[in-house]
Every structure is written in C-alpha cells, then in structure tokens.
Amino acid sequence: MAEIKIAKTLDAKGLYCPGPVLETAKAVKQINIGEVLEVLATDPAAKPDIEAWARRTGNQILDIKQEGGITRILVKRVK
Amino acid sequence: MTSDNKRKLSLIVFSGTIDKLMPVGILASGAAAAGYEVNVFFTFWGLNAITKKSMEGMQPIDKNYEQFGPVMMQKMKEMNFPMWTQLIEQAKEVGEVKVIACSTTMEFFGIKREDLAPFVDDVAGVATFLDRAEGGITLFI
C-alpha cells in the first residue's frame, strides 16, 4: 500500500464514549477535504463508533489497526 | 422527508436524576458529532435539573441506585469523564442542537427564563417540540 500522508494526529487515548467520536468530529474540521486524520484511541468502542460516525457523516476510513489496546484509525475527510 | 444524510434525534428529558441525565449528554453529543440534528426538550424533573441553582450542587441519583452513587461519581472522576452539562455544551459546539425548556413546567415550579442554564435556546411547548422532532428518532428519558 502506498504511504498515506497524515495531516493531523488526534490523541484520544484515555477518553471514553462519546469522547473519541466528539474529538474526531472536531479534529476532522481542522484538516482540508482530501486530507487524512490519524486517530489514536483506547476506548474499546472506538472502532465500531468511528466506523459508524464515518458512515453517517460521509467520511472515509482508510485503515484501522488494533495493537496493544490502542486503536489507530485513519480517516479521510471527504466532506 | 429526511434525506439519508439528514437524521434527527430528539430527547424528551423527564427525569432529573444524574443516572438519567448522563445518557442524555452522551446521546446528544454523540448524535451531534455524527451530523444528526438534535432536539432536547427538558420537562418536569428534567427541567428542574437545568436551573442554574440545581446545577451548582450535586444532582440527585435515582433512589433505586443510591448505594452506587458515590462509587460511580468517584469512578467518573478517575476517568476524567465530562459532566453531562459539558456534553450538552460540546454537542452544541460540534453540531446542530436545540435545547428547549417546557413552559408549563416552568410555571409549575415557578422557574423564570433567567433561572435556566445558558445552553437553553428556547422556552416552548409540545407543538414546537413535535414539529422539530417530526420524522426522526424520539426517546423519552
């Protein structure tokens, strides 16, 4: 896979629902359309919640990795 | 009707205990972040919970869960979890959220507009709420 350029990283580790989703919604507005936001979270709900959030808001999930209790999600701002 | 990317969540907040108000904050802010239009209608004990005076102190917990109150509050503090009022404020920052106070309840309890929390947008009644809630999800909490 080609290297993905990350425009901004959101450290949402230690936040619980609805924290990661709320902060993702705020952070995605701080990047330009077409850019990628990296979200790091420890809430076990982060993966399904941010996937659902992306479906609802029309943004795109490029990649999700879960390792050592940390979920790393790459979100491309589409709108 | 509501298009696919325009959904609504409306909450009728009847209860004034912290165990019910927390999910109100969580649902409202999560929905607002996901682009839902959110309407929060505070009535009866719920309205009583959004007076400046009652928000200053600790809000009561449901009698049935009283024994869990102190442990739960301690845990929430450790988690650095926001208070439900902060969640409502955050919801308003990220999305389209209207907070409505029930006019009839205000009269029942002798509450004036200036007694209410700053996040209240309007004082209105059932017709306004139903009009705004039409076509979306509505929960009575």
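Two strands count as paired here if DSSP finds at least two bridges between them. Keep that in mind for the close-ups below, which come from a predicted model.

**View 1. Strands β1 and β2 of chain B run side by side in parallel.** Six bridges join β1(B), residues 8–13, to β2(B), so the pair clears the cut-off of at least two. One bridge to look for links B:V13 with its partner B:F42 in β2(B). Getting from β1(B) to β2(B), the chain passes through α1(B), and this β-α-β crossover is right-handed.

**View 2. β2(B) also pairs with β3(B).** Strand β3 of chain B covers residues 96–102, and its pairing with β2(B) is parallel too, again over six bridges. Here B:V40 sits opposite B:V99 of β3(B).

**View 3. β2(B) is covered on both faces.** Six of the six residues in this strand, 37–42, are buried. B:E37, B:N39 and B:F41 take one side, while B:V38, B:V40 and B:F42 take the other.

**View 4. The largest nonpolar core has 55 residues.** Those with the most contacts inside it are A:W53, B:V40, B:F42, B:I50, B:W84 and B:F119. The top contributor is helix α1 of chain B (residues 18–33), which supplies eight residues. There's a second, separate core as well, with seven residues, among them B:I12, B:F41, B:A124 and B:A133.

**View 5. A:W53 touches residues of both chains.**

Technical notes
Residues numbered from 1 in each chain as written. Chains lettered and ligands numbered in written order. Predicted model: local features only at pLDDT ≥ 70, side-chain atom pairs only at ≥ 80, totals over all residues. Heavy atoms only, no water. Core = buried A, V, L, I, M, F, W, Y, C linked by side-chain atoms within 4.5 Å. Buried < 20%, exposed > 50% of the residue type's maximum accessible area, 1.4 Å probe, protein only. Helix = DSSP H or I, 4+ residues; strand = E, 2+ residues; numbered from the N terminus. Contact = heavy atoms within 4.5 Å. Right-handed = clockwise from strand over helix to strand, strands pointing away. Lists of a residue's contacts leave out its neighbours within four places in sequence.
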